Amino acid sequence: MIRKKSIQDSLIEYCKKMGVNDVRIIPSSKISVEEQFAEICKNDKCPGYGSAPSCPPFVMNSNKFKDIISTYHSALIFKFEIPTNILFGNERNEVLYLLHETASALKYFSLNNGYINAMAIAAGSCKQIFCEKHKACPVITNSGKCRYPEKACPSMSGLGVNFNKISKLLGWDKDTTKKNEEPTSNMAGIVLLKHDPEISF
Ligand code: SF4
């Protein structure tokens, strides 16, 4: 018997067409969120800290994000495997741009194909990725709207997501770099998914 292609199958197919190296869908309850990750942004003096609404202290705190996650049934996790010398070199922002663009495209695909309120998050600060040449973010300074509303996503670590735990769960930790000694490193994004009760999955 031939199984009918589900909306979830179409989403994974679309994700692969976008060139990701791996994609999984897991229960949203498996996403580990810890306050300390958002604290690291501040303590490690990340240049993204305080620069955009997608980063601490402006992005929602980890407890609020935990509440938000609990309203979703599942999460699509995708990764690109990037040569480590590129990821930690001059082209880093181009890689992160691709990551945010992909996460956002998956969010819109989900919204157009039977999911409601899909939410995309991705590694990195949108200020550094999209608006590095601009002095300030207009959203933070109350002087205008986001310049890249269809691409920029909230920062994964800024929301407190412990991606190491997700990597372990998915068996991706073996190819995650430690001290940048591996030839490739993973860069990942997440799209939170919620079924539209009116649509059959
Ligand atoms: S304008 Fe948008 S993309 Fe640029 S820093 Fe502000 S929120 Fe981020």
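Predicted model: local features only at pLDDT ≥ 70, side-chain atom pairs only at ≥ 80, totals over all residues.
Residues are numbered from 1 along each chain as its sequence is written, and side-chain values use heavy atoms, with hydrogens and water left out.

Glu101 forms a salt bridge with Lys151, the closest N and O atoms being 3.2 Å apart; the criterion is a side-chain nitrogen of Lys or Arg within 4 Å of a carboxyl oxygen of Asp or Glu. Because Lys151 lies in the loop between α6 (126-130) and α7 (163-170) and Glu101 in helix α5, the pair ties together parts that are 50 residues apart in sequence. Lys151 is partly exposed, at 25% relative accessibility. The structure holds four salt bridges, including one between Glu81 and Lys79 at 2.9 Å. In that pair Glu81 is partly exposed at 31%, while Lys79 is buried at 2%.

Helix α5 spans residues 92-111 and also contains Lys107; helices (H or I, at least four residues) and strands (E, at least two) are DSSP runs numbered from the N terminus. Lys107 is buried yet has no salt bridge, and the nearest side chain of opposite charge, Glu150, is 8.8 Å away. In assigning charge, Lys and Arg count as positive and Asp and Glu as negative, with His and the chain ends not counted. Beyond its neighbours within four places in sequence, Lys107 is in contact with Ala118, Met119, Ala120 and Val191, contact meaning heavy atoms within 4.5 Å.

Four strands form an open sheet in the order β1-β2-β4-β3, with antiparallel pairing; two strands pair if DSSP finds at least two bridges between them. The edge strands, β1 (22-27) and β3 (119-122), each pair on one side only. Between β3 and β4 (residues 184-193), four bridges are found in the antiparallel sense, and Met119 has Leu192 as its bridge partner in β4. Helix α5 packs on this sheet, touching β2 (74-83), β3 and β4, and its direction makes about 25 degrees with that of β4. Axes here are lines fitted to C-alpha atoms, for helices over the stretch in contact, and angles run from 0 to 180 degrees between N-to-C directions.

Technical notes:
Buried < 20%, exposed > 50% of the residue type's maximum accessible area, 1.4 Å probe, protein only.
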